[in-house]
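Let's take a friendly walk through a protein model. Have a look at the picture first, and then read on.

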Amino acid sequence: MSSAQIEIQLIASLVAIACAIPGTFLVLRKMALISDAISHSILPGLVLGFFITHDLGSPLLIVMAAISGVVTVVLVEFIQKTRLVKEDTAIGLVFPALFSIGVILIAKNANDVHLDTDVVLLGELAFAPFDRFLINGFDLGPKSLWIIGTILLISITLLIAFFKELKISTFDVGLATALGFSPVIIHYGLMSVASVTIVGAFDAVGAILVVALMIAPAATAYLLTDNLKRMLVLSVFFGVFAAIAGYWFAHWLDASISGSMTTVLGIIFLFVYLFAPKRGLISVLYRNKQQQVEVSLLTFLLHLNNHKEVNERHINHLHEHINWRRVQSKSVVDLALKNNMITIDDSIISLTEKGKNFTDKAIDYIITNDDSKIESIKEDFFLFRG
Amino acid sequence: MKKYIIVLVLAIFIGCKQEVKKNGKLQVVTTTTMITDLVKNIVGTKMDVQGLMGAGVDPHLYKASEGDVSKLFNADVIVYNGLHLEGKLEDVFEKMRHQNKKTIAVSDAIDKSTLIGSEYFASNYDPHIWFDITNWEIITKYVVAQLSELDAKNAISYKENGVKYLASLASLKITIAEQINSLPVEKRILVTAHDAFNYFGKAFQFNVVGLQGLSTATEAGVKDVQKMAKFIEEHEVKAIFVESSVPKRTVEALQEAVKAKDKEVVIGGTLYSDALGSAGTEEGTYIGMYTHNVKTIVDSLK
């Protein structure tokens with residue numbers, strides 16, 4: 001592996017970490033789309049910054065771009081407060097307007113400068129190692145490594161300093177206000193960090209990958225945990241994993257690096273979406289199915305409990321009486337037998353002591369809705385959980 | 001979190017094996033297929049030549065792949081067109097000058113006063129300089145001189161190859177001129193998808209009309225198509241041409257527009273503009289490409 005390859009992976013990993021931190025909060029606040037909006041609406045800021053400095057490498061460009069990111073958020077809030085449109089509509093109104101202002105400014109005044117939309121949307125990670133940071137001819141590594149490293153350091157410092165405030169204002173705006181934090185300041189602080197991160201990263205990796213790195217790892221992590229700290233760690237892990245795996249995927253295919261990283265992010269999300277232990281599609285489907293069976297079981301047990309007469313308890317009577325299909329009644333009977341809740345004597349079903357006990361508890365729970373009484377049966381059944 | 005990062009960084013470094021430079025030859029990286037062909041003709045087997053852009057790749061829209069990173073990283077010499085043909089890549093090459101890599105922009109060899117300027121920007125020139133064979137001869141001499149300076153021990157071989165290549169360019173010029181002279185001047189109207197053939201037109205008195213501007217990134221508008229259809233009708237142009245690196249769609253739209261005026265115009269064939277044909281074929285070389293283009297143009301316009 002050459003030093004250029006190492007540098008690309010290092011830059012991509014740092015970008016992944018820098019994006020995962022604000023990304024987690026954006027996903028939790030249901031504001032994922034704002035990252036896409038900011039990535040486009042920073043363009044007029046970049047162009048204005050360029051007109052002032054005439055230097056594409058100037059830090060003023062980043063400042064101006066970050067300001068236009070915050071302007072985006074302010075405008076979105078402003079339109080949303082009129083209550084005439086919803087938040088996503090407001091976002092959709094604001095960022096194309098700002099982006100097109102940027103495009104027009106370029107077209108009118110800076111056509112021969114490489115500030116075009118292509119560069120904005122698809123930065124070239126492949127060339128990042130060739131843009132060096134030189135001081136007096138001494139090579140200090142790729143420029144983007146320094147830029148993104150600085151941004152990451154600032155984000156981490158802010159995250160540690162304001163973790164509690166961020167956490168409370170994300171989950172409970174009312175409580176945050178009552179405790180004396182200003183959720184508005186936290187909100188704009190977070191948006192500024194997101195803007196600066198997007199601006200810092202977009203030249204290195206392109207806006208599409210930045211948006212993917214902000215949202216996909218956080219969304220994936222959210223499927224796996226409810227704990228904020230764990231979610232942050234998982235987001236960082238998924239982001240860095242996708243950056244490195246994506247690089248080698250690109251190496252193997254000899255394809256675009258940013259494109260491969262985005263693909264890997266998508267694959268990771270799909271995998272977790274399907275197989276996550278609690279919120280994954282498959283486990284949700286399984287649980288729904290299981291709950292259906294258990295509802296049937298309970299109905300069946302209640303039926304047995306209510307009918308002492310033998311003809312109502314005959315095994316062939318089940319699907320006639322409760323109107324179940326034969327397969328379903330068989331699976332319910334099997335489940336009940338497995339749990340020793342019933343016995344079958346000569347095709348007549350009777351409740352066992354355990355079954356009787358269970359039914360009583362269940363009835364009790366349904367009537368009183370008191371959780372403490374069903375602790376013992378919770379273990380065996382999904383139905384009474386949550 | 002820190003632990004994860006340390007593990008990952010370690011994993012990257014453990015996975016490293018420093019690639020050794022093979023066989024001591026200088027590594028040359030070239031951009032367009034035309035330049036790749038030229039440099040291969042000059043250096044023969046004395047240097048390793050690797051082109052970034054493949055056949056049919058539009059240099060305006062080229063996207064770097066992972067493999068290109070290693071090519072650029074290991075390169076000793078980079079030969080490129082310049083004049084913004086390679087877009088953002090040129091900024092990268094300029095930065096590489098500070099990193100002990102020799103970069104040669106072939107357009108530096110051409111006197112700026114002979115270049116065709118852009119309609120809109122005085123300082124921007126039409127980058128399709130290879131369509132004037134005289135330019136290509138100047139460029140050949142320039143690249144030979146630059147490479148000989150860099151690799152003095154093989155200089156004689158480069159000069160010999162250069163002389164040989166210049167001879168074949170000279171004979172190409174003669175055969176091309178003969179063919180084109182068989183076409184009366186009033187029939188020399190070349191309608192293509194984008195403005196790549198201005199130098200060709202200037203050299204052989206062709207009236208070159210491109211449907212879109214210089215950049216292939218912009219799309220032709222409906223108005224452009226209508227204007228062009230009218231032009232074709234008035235000048236009774238027999239054939240229009242598609243280009244290998246530009247989608248056929250716009251030219252086909254133009255053909256339809258002409259048909260709507262009850263005139264017939266055929267698509268004369270595919271011309272190679274911003275890229276050569278596939279490697280290994282006749283059209284995969286500069287000379288083969290030029291011969292093919294002229295034959296296609298002359299045959300369909302006759």
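What follows covers some helices of chain A and the domains of chain B.

This is a predicted model, in which local features need pLDDT of at least 70 and side-chain atom pairs count only at pLDDT 80 or more, while totals for chains, interfaces and linings use all residues. Residues are numbered from 1 along each chain as its sequence is written, and chains are lettered from A and ligands numbered from 1 in the order in which they are written.

| Helix | Residues |
|---|---|
| α10(A) | 183-205 |
| α11(A) | 207-222 |
| α12(A) | 228-253 |

From first C-alpha to last, α10(A) reaches 31 Å, close to the expected 33 Å (1.5 Å times one less than its number of residues). After α10(A) comes A:Gly206, with a positive phi near 90 degrees.

How do α11(A) and α12(A) pack? Their axes, lines fitted to C-alpha atoms over the stretch in contact, lie 8 Å apart at an angle of about 125 degrees.

Chain B is divided into domain 1 (2-175) and domain 2 (184-301), with bounds from an automatic or database domain assignment. In chain B, 24 residues of domain 1 are in contact with 25 residues of domain 2. On the domain 1 side, α2(B) gives the largest share, four residues.

Note on methods: Helix = DSSP H or I, 4+ residues; strand = E, 2+ residues; numbered from the N terminus. Contact = placed C-beta atoms within 7 Å. Axes fitted to C-alpha atoms, helices over the stretch in contact; angles between N-to-C directions.
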